[in-house]
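Take a look at the chain below. This report goes through its fold, its core and its charged pairs.

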Amino acid sequence: MPSGTRRVPHIETNRSDVRELADRTRDAVDGIRQGSKDRWTITKVHESTASCQVWEYVRCNPSSGAFTVNLPVIRKTDIGAEVIVKNKSVSANTITIAAPGSDLIDGSTTATISAARGVVRLVVESLTEWSVS
């Protein structure tokens, strides 16, 4: 062996270990890409029921009446991701924020904005839980 080089120990692995490591690495990279704060999307102003994705700033105008913003199904790469829902108007009509399926928002299936210019910031806590922060 040439001077100044070290021998790397041999590590026994099998294909499933390598696949698992590759999957975990890919999931981590996808999470970084999707969770980057540089990737925030500002939506058009919604005036009726709308659906959103993680890392969206959802602008709403409920002046014509109450409506619902539907949150996305949580993926494992979404942990820590956020959604912001904002009433951009002076209307106090209710904007309901609904979790999909059996997901919860701080223990409930919905959260609401009932104040003019109100805002709710939601963070993905787990695969089934959103938290209002």
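## Two salt bridges

A salt bridge is a side-chain nitrogen of Lys or Arg within 4 Å of a carboxyl oxygen of Asp or Glu. Side chains of opposite charge can pair when their charged atoms come close. This is a predicted model, where local features need pLDDT of at least 70, side-chain atom pairs count only at pLDDT 80 or more, and totals for chains, interfaces and linings use all residues. Residues are numbered from 1 along each chain as its sequence is written, and side-chain values use heavy atoms, with hydrogens and water left out.

How many salt bridges does the structure hold? There are 2. One joins E82 and R121, with N and O 2.8 Å apart. This pair links distant parts of the chain: E82 is in strand β5 (residues 82-87), R121 is in strand β9 (residues 119-126), and 39 residues separate them. Strands (E, at least two residues) and helices (H or I, at least four) are DSSP runs, numbered from the N terminus. The other bridge joins R75 and D78, whose closest N and O atoms are 3.1 Å apart.

E82 counts as buried, because its relative accessibility is 7%. R121 is at 35%, so R121 is partly exposed. R75 is partly exposed at 42%.

## The fold as a whole

The protein chain has 1 helix and 10 strands. Along the sequence, the pattern reads α-β-β-β-β-β-β-β-β-β-β. Of the 133 residues in the chain, 34% are buried.

Now the contacts, meaning heavy atoms within 4.5 Å. Take those between residues at least 6 apart in sequence: 58% of them join residues at least 24 apart. The chain exposes about 8500 Å² (Shrake-Rupley method, 1.4 Å probe; for residues, only the protein chains shown count as cover). Carbon and sulfur atoms supply 51% of that area.

## The nonpolar core

In soluble globular proteins, nonpolar side chains tend to be buried together. A nonpolar core is a set of buried Ala, Val, Leu, Ile, Met, Phe, Trp, Tyr and Cys residues joined through side-chain atoms within 4.5 Å. The largest one here has 22 residues. V69, L71, V85, I97, I105, L122 and W130 have the most contacts inside it. Two or more residues come from each of β3 (56-60), β4 (67-70), β5, β6 (95-98), β8 (110-113) and β9. The largest share, 3 residues, comes from β9.

What does L71 touch, leaving aside its neighbours within four places in sequence? Its contacts are C52, V83, I97, A98, A99, P100, I105, L122 and W130.

## Two loop residues

Q53 lies in the loop between β2 (50-51) and β3. At 47% relative accessibility, Q53 is partly exposed. Beyond its neighbours within four places in sequence, Q53 contacts P72 and V83. Q53 and E82 are 29 residues apart in sequence, and their C-alpha atoms are 9.0 Å apart.

A92 sits in the loop between β5 and β6. A92 is partly exposed, at 49%. Leaving aside neighbours within four places in sequence, A92 contacts S114 and A116.

Key:
Buried means under 20% relative accessible area, exposed over 50%, partly exposed in between (1.4 Å probe, protein chains only).
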